[in-house]
Amino acid sequence: MAALPGRGHVVLCLALVISAITFTGSPMDSMDTIVSSGFPENSLLMFPREAVYSKYIGHTSRRKFGSKLPRSNRWHQTLRDLRGGGAAGSKPGKFKKKEGIGEMGGQSNSQDRRQLSSLCLAQAEKKPLKYVIVTGGVLSGIGKGVTASSIGVLLKMMHRKPTAIKIDPYLNIDAGTMSPLEHGEVYVLEDGGETDLDLGNYERFMDVKLTNDSNLTTGKVYRSIIEAERRGEFLGKTVQVIPHVTGEIRAWMDRTGRTPIGMADGGKRTPDTCVIELGGTVGDIESMPFLEAIRELQLEVGRSNVVVVHVSLIPEIHGEQKTKPTQHSIQKMREIGIYPDVLVARSRWPLRDSARMKLSSFCNVPQENIISMPDLSNIYHIPRMLVDQGLHRKLASQLQLKTGPLDRLLVNNWGKVAKSMDSVTEEIRIALVGKYTGGSDTYHSVVKALLHASISSNQKLKILWIDSADLELPEESEEFCHAWRELQTAHGILVPGGFGQRAHLGMIRAIHYARIRRVPFLGICLGMQLAVVEFARNELGIRRADSTEFNSNLSEDEKVIIFMPEGDTENMGGTMRLGVRTTRLIPNSTTYRYYGATELIQERHRHRYEVNPHLLSRLEEYGLRFVGKDAEKGDRMEVVELPLESHPYYVATQFHPEFNTRHQRPSPPFFGLLQAAKKHKVQMMAKEAELSLEELEQGT
């Protein structure tokens with residue numbers, strides 16, 4: 001042992017550790033799958049252990065394996081696997097000379113040893129990634145996403161560089177083809193990924209820009225494995241949930257956790273901590289492979305690199321906080337082999353000491369590791385609340401992080417945002433006229449963009465939810481009358497995106513009202529397209545003007561909105577114009593001013609249809625201004641306005657500005673809407689005062 005070179009000694013130790021973890025005592029095949037800490041899948045996951053044994057330990061190891069092993073072939077196969085130069089387990093042969101290896105056996109053993117040692121050391125020295133796993137129990141929708149996002153903020157306060165992954169166990173590849181009524185909004189990332197709305201929470205809270213790989217679904221996992229099997233990468237082996245599916249999940253976590261992510265300043269940063277939220281609740285059958293992968297991850301990277309945070313509901317019945325559902329939830333996790341380090345207790349009121357003691361006793365979680373998370377006035381209190389309960393110290397202790405003072409500026413900023421939301425009293429009413437008003441999750445980012453704009457304009461937001469289908473009903477119906485009254489009392493009107501013909505006429509009616517009555521208006525995606533349709537019908541006199549999405553039997557002049565020429569007419573998933581695009585704004589336009597006099601802006605898109613460029617001159621001749629066009633060719637309409645002399649704020653965008661909103665940097669079109677609505681409210685109050693005075697004079 002003492003005669004071995006220093007690097008060789010390290011390689012030997014690594015080989016001994018790896019073999020000790022995986023050796024079963026029985027004779028082994030020449031190539032076995034081993035799971036080793038920090039080693040990439042294309043190198044040591046298919047590592048010929050006999051090669052290391054035979055080279056360094058000699059006849060003792062060969063007797064242990066039952067036969068004398070060939071040396072030269074094993075060495076070259078090992079080097080090939082480490083470089084990714086050949087399929088793991090492939091038949092030994094000659095290396096290509098351009099790889100610098102030469103003929104089989106052409107190098108000396110010392111050269112082979114040095115190359116293998118260098119490659120092994122480079123992998124072994126890879127800095128370990130820290131993981132915070134967030135799971136949920138009892139029922140969904142209790143705040144796992146906000147908890148995970150707040151932990152990301154807490155990590156930033158600790159001067160860490162967090163990223164995030166959301167695991168959705170459904171079989172869909174992504175959320176792009178799912179109904180917003182069933183699943184909530186589809187959140188679009190910069191690279192065009194159509195993802196779960198929780199990724200919007202991560203981006204807004206942590207102020208980062210994630211990638212499509214940050215949303216892991218069962219569909220993505222199985223597609224990757226099936227494609228690999230079809231390419232023959234499993235070399236005839238039986239593909240199974242364990243180890244192949246769980247191994248793919250672990251590899252995805254590691255790869256995505258190390259992928260550089262975008263920052264607010266436009267740069268990129270390599271993360272050192274990964275927050276992973278597992279969707280659904282513990283016990284769901286579709287979550288089982290992911291829970292098993294998390295158990296394996298703890299074993300693979302070590303408990304000092306993983307913290308498991310379990311979020312569970314503590315219901316209150318007859319004045320008593322019930323812990324039994326949480327006990328069963330954690331019992332299920334322990335059966336799988338996962339032991340929560342931190343328990344977040346969601347409840348209506350702060351957690352009582354008696355409930356905390358019972359949870360600690362039956363769930364095997366120290367009392368100091370139980371975080372009380374009662375209902376709060378707004379979610380922006382949560383990061384500061386986690387600090388007050390010392391969660392940062394618990395994370396630092398479990399993950400063996402260097403402790404130091406928190407980023408006080410960040411801590412104070414979050415406190416100020418939360419307090420400012422509670423302190424504002426001036427109400428502003430915004431009518432949201434959409435097709436999916438059954439729940440706020442369907443327009444989650446739109447609501448957040450309005451909220452951020454209201455904070456910045458020092459107003460208390462009240463959203464008037466108006467189902468556009470109600471505006472299509474007979475005028476004498478109760479639903480129509482209620483919707484119309486709400487529309488008339490609004491200080492501003494917003495028409496968001498959507499798909500399909502249903503209820504689009506009600507959206508057009510709301511847009512017409514906003515234009516004629518000079519009510520501040522913002523249209524997004526479909527809202528922008530329908531604004532152009534409404535203008536063509538009522539100003540150009542094209543009574544049958546429409547979108548080909550709703551009516552394919554139109555003349556050329558009536559096709560105001562058309563299918564994009566490059567669009568895919570057969571496949572639905574991932575075939576829209578997706579992701580960030582650059583728009584060129586016309587100087588001195590309303591949108592240009594609210595974007596800080598910036599000519600080139602970048603916003604995210606998700607659409608199949610666009611304004612017909614052949615009608616552009618006619619529309620502009622009647623007063624509609626297209627002040628934003630794509631910067632690439634200039635033939636795709638992105639922003640439409642009415643001049644300030646004819647309307648105080650009439651802006652519609654083809655892109656989705658809500659996906660880039662932040663509480664410290666509200667989306668410019670939304671901020672413009674709130675500012676215009678504030679002025680319109682003053683005008684409405686003045687008009688109401690005049691009417692009251694007239695009534696008083698008439699009465700006397």
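Ile 226 is placed in helix 9. Helices here are DSSP runs of H or I with at least four residues, strands are runs of E with at least two, and both are numbered from the N terminus. Ile 226 is partly exposed, at a relative accessible area of 48%. Buried means under 20% relative accessible area, exposed over 50%, and partly exposed in between, with a 1.4 Å probe and protein chains only. The model is predicted, so local features need pLDDT of at least 70 and side-chain atom pairs count only at pLDDT 80 or more, while totals for chains, interfaces and linings use all residues. Residues are numbered from 1 along each chain as its sequence is written, and side-chain values use heavy atoms, with hydrogens and water left out.

Ile 226 belongs to a nonpolar patch on the surface, together with Leu 171, Tyr 222, Val 241 and Ile 242. The accessible area of the patch is about 470 Å². Helix 9 and helix 10 are the elements that give two or more residues to this patch. Patches are made of residues with over 30% relative accessible area and no salt bridge; nonpolar side chains (Val, Leu, Ile, Met, Phe, Trp, Tyr) are joined within 5 Å, and like charges within 9 Å. Areas come from the Shrake-Rupley method with a 1.4 Å probe, and for residues only the protein chains shown count as cover.

Helix 10 covers residues 241-257, 17 residues in total. Its first and last C-alpha atoms lie 22 Å apart, close to the 24 Å expected at 1.5 Å a residue. The expected span is 1.5 Å times one less than the number of residues. The buried residues include His 244, Glu 248, Arg 250 and Trp 252. They pack against strand 1 (130-137), strand 2 (162-168), strand 6 (215-217), helix 9 (218-230), strand 9 (273-278) and helix 11 (288-301). Contact means heavy atoms within 4.5 Å. Pro 243 also lies in helix 10. The peptide bond from Ile 242 to Pro 243 is cis, with omega near 15 degrees. Most peptide bonds are trans, and most residues other than glycine have a negative phi.

Positive phi values occur at several sites. Val 138 has a phi near 75 degrees. This residue lies in the loop between strand 1 and helix 6. Val 138 is partly exposed, at 35% relative accessibility. Cys 525 has a positive phi of about 55 degrees and is not a glycine. Its loop runs between strand 18 (521-524) and helix 20 (526-538). Cys 525 is buried, with a relative accessible area of 5%. Gln 400, which follows helix 15, has a positive phi near 55 degrees.

Helix 15 itself spans residues 391-399. Its buried residues are Leu 391, His 392, Lys 394, Leu 395, Ala 396 and Leu 399. These pack against strand 1, helix 6 (144-157), strand 10 (306-313), strand 13 (342-347), strand 14 (370-374) and helix 14 (382-388).

Cysteine pairing was also examined. Zero disulfides are found in the whole structure. A disulfide is a pair of cysteine sulfur atoms within 2.5 Å. Cys 363 is buried at 1% relative accessibility. Cys 481 is partly exposed at 26%.

Side chains of opposite charge can pair when their charged atoms come close. The structure holds 30 salt bridges. A salt bridge is a side-chain nitrogen of Lys or Arg within 4 Å of a carboxyl oxygen of Asp or Glu. One of them joins Asp 196 and Lys 166, at 3.1 Å from N to O. Asp 196 lies in the loop between strand 4 (194-195) and helix 8 (198-206) and Lys 166 in strand 2, so the pair ties together parts that are 30 residues apart in sequence. Asp 196 is buried at 6% relative accessibility, and Lys 166 is buried at 4%.

Glu 320 and Lys 322 form a salt bridge at 3.1 Å, N to O. Glu 320 is partly exposed at 38%, and Lys 322 is partly exposed at 31%. Arg 384 and Asp 388 form a salt bridge at 3.7 Å, N to O. Both lie in helix 14, four residues apart, about one turn of the helix. Arg 384 is partly exposed at 29%, whereas Asp 388 is exposed at 57%.
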